[in-house]
Amino acid sequence: MSQERSGAAILVECLVEQGVEFVFGYPGGAVLPIYDELFGEERLRHILVRHEAGAAHAAEGYARSTGKPGVVLVTSGPGATNAVTGIADAFMDSIPMVVITGQVPTALIGTDAFQEADTVGITRHCTKHNYLVKDPAELESTIREAFRIATSGRPGPVVVDIPKDVQIAIPACGSANTGPASHRYQPQVAGKDSKIAEAIKLIANAKRPILYTGGGIINSGPEASRLLRQLQHLTGAPVTSTLMGLGALPADHPDWLGMLGMHGTFEANMSMNKCDVMVCIGARFDDRVTGRLDAFSPDSKKIHIDIDRASINKNVRVDLGIVGDCATVLGQLIEVWGDRKPQDLGEWKARITGWRARECLAYPEKSAKDPSAIMPQKAIERLFELTKQRNPIITTEVGQHQMWAAQYFHFFGPNKWLTSGGLGTMGYGLPAAIGAQLGNPDDLVIDIAGEASIQMNIQELGTASQYRLPVKIFVLNNEYMGMVRQWQELTYESRYSNSYSDSLPDFVALAQAYGWKGIRINDESELDAGIESMMAHDGPVIVDCMVAKDANCFPMIPSGAAHTEMLLYGDQVDGTMDDEAKALV
Amino acid sequence: MRIEEATSERHVLTVTVDNEPGILAKITGLFTARGYNIDSLTVADISENHAISRITIVTKGPPEIIDQIEAQLERLVPVHGVVDLTTAGEHVERELALVKVEGTGETRVEALRTAEVFRANVVDTTPESFVFELTGSSKKIESFVALMRGLGLVEVGRSGIVGMMRGSEKI
């Protein structure tokens, strides 16, 4: 690279070198030199969002749907702090992301300068790594290392904070390319052979095995999903998945148990409880998955495959921890399995068939309070039926609609399901859909939303309009923060404190104001036609689907309960809980 | 409802890290963010080119938490390695203290005599005060300080633990 380039020019050159297609950003004082470099730059495209939170979530959506790192560019101070929620979200869900933040000039750092914030300090614990670059000569090696760290090992967000003077300065001759040594951070990719052999012995002798898979399989790349299917085929083990891992095994597979955990299926949770060998692949025994820890799968030998050593034995003690990348370890397991035959799993499968017969996802045809209202589960089922031919990418916000989407929409491959799992960020879905649409221009991208969540980043409607992105938003409008309302009904004797969505906008008029198409569905008879006209429109659409206000998301493991203590529709639910249960989130 | 606490044990960890800005904040922040304890922490540059620092952390926790602390530290990009001296085998631990006492007459003589017993050096003296320098285990320092309380103790400064494995092996 030429020595006569400014820091900003070096940065842009590095982004091009990394193969960056899109930069999601918002300009401001401390990044003006970088924006000037982007002016007329044709090798990468800047996507102007409406709020920096939108930039971070859009980068997440792009990354999750393409497997490539998302790139964010924001200014100092409020630009950086606005992006923090998206950075924390990417950290929790292991999404590869590089965030470039402007900073006040080095001489002003620490003086409470205009738009100064300690970005490195603020993001220290919600990034995989972060840097403050004080010397333009270090920029090149720093950016390269940032991309390597963001995308290798357990992926995650990396922040590079660049003071404005460093963007303008030209590195001194001969001093270029110094900086952090690039030999550091070498994650362990392959599992230890002895442990692979031990795992195969356990799996081969299992009478009641289960594969419990997670977002790690998606992060590891499409090859991991292919290998999972192969391992499943060889071992015959039934498969369940966390929210983040949906799509790794196709949902129409006979051994697919559905999602597990708090709103998982009865058969998945019962199988987890009664299995004798559990193989956890790229999941992390999250509290939403385990339920009450002392009652979690009491009789099983547990194998945990994870690229992050710190995830192993964090929440649940396992018998065999294998540190390694999901695809690599799955490949090793398949190789060592060879032509072994699994035990006769007939009895185990028969028990599972029995659990399936409970039909845990059945829901009442009609709402008790308003028999004419559309059941939200029905709306998702119809959305799935009418769009599945297009193999859509689904994003969600956070709440009841998210869980219904996970339960009633079905996925057949990885990278099609984008949701905020770990952090649970309302407002994720719309910007994520924008990022996903940019990365997958020919795909149908639908944000399944709630009327409350969608308002958290509603300003991004303008971004989709500007770049002519045909994203669809399907709002399940029950005029409540539904999940909050549900918990208040179940644990606080229906005292609906502040969970009613008052003063809602007219979403159809709002859509039109932004140049979108707006469709309202009031009655079940309009449901199919509404969805079809959403699909038929060659541009962005908001569908405001009015649904039953009192529908609850079941099955449900109440907080503090075990996998075997699920609530299904029709179960008697007490109106209160003891303090120990209330204290759990 | 009651909030329960688990029983814990003391461990000495040595952490080698890239000597870069913010690394100490990263490590101490990790401990606060995840609710781990720090009893003492020392850090100093140990390499010829000032590129590597060695941090010694004394912490308390149940064995599974100690294991998590190690794993979480190893996850940080600038961390080269973590060794738990307490479980790795025989090791030595030393701490340095500076202890200021004030007094004249018999207490002054007694303070000096006690210092000799503990092999403490006098690093500063005036007609009515001493500053002693003492190296040893934390226990030794604690008993010295306890004795000095009755002999005009004014001020104590302690370095915190530095530890190393016995034998020729490098960690």
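**Pairing, packing and contact in a two-chain model**

Mentor: Welcome! Let's start with one pair of residues: A:His304 has A:Gly321 as its bridge partner in S12(A). This is a predicted model, where local features need pLDDT of at least 70, side-chain atom pairs count only at pLDDT 80 or more, and totals for chains, interfaces and linings use all residues. Residues are numbered from 1 along each chain as its sequence is written, while chains are lettered from A and ligands numbered from 1 in the order in which they are written.

Trainee: How do you know that strand S11 of chain A and S12(A) pair?

Mentor: Two strands pair if DSSP finds at least two bridges between them. S11 (residues 301–306) and S12(A) share 4 bridges in the parallel sense, so they meet that rule. Strands here are DSSP runs of E with at least two residues, helices are runs of H or I with at least four, and both are numbered from the N terminus.

Trainee: What makes S9 and S12 of chain A the edges of the sheet?

Mentor: The open sheet has 6 strands in the order S9-S8-S7-S10-S11-S12 (chain A), with parallel pairing. S9 (256–259) and S12 (320–323) each have a single partner strand, so one side of each lacks a neighbour in the sheet.

Trainee: Which strands of chain A does helix H11 touch?

Mentor: H11 (residues 266–274) packs on the sheet, touching S7 (209–213), S8 (239–241), S9 and S10 (277–281) of chain A. A contact means that C-beta atoms, placed from the backbone, lie within 7 Å. The direction of H11 makes about 105 degrees with that of S9(A); axes are lines fitted to C-alpha atoms, for helices over the stretch in contact, and angles run from 0 to 180 degrees between N-to-C directions.

Trainee: Why does the radius of gyration of chain A agree with a compact globule?

Mentor: The radius is taken over C-alpha atoms, and the globule rule is 2.2 Å times the number of residues to the power 0.38. For 585 residues a compact globule would have a value near 25 Å, and chain A has 24 Å, so the two agree.

Trainee: How many residues does each chain give to the contact between them?

Mentor: Chain B gives 16 residues and chain A gives 16 residues. On the side of chain B that touches chain A, H1 (23–33) and H2 (63–75) of chain B each supply at least two residues, and H2(B) gives the most, with 7.

Trainee: What confidence does the predictor give the complex?

Mentor: The complex has an ipTM of 0.89 and a pTM of 0.94.

Definitions and conventions. Contact = placed C-beta atoms within 7 Å.
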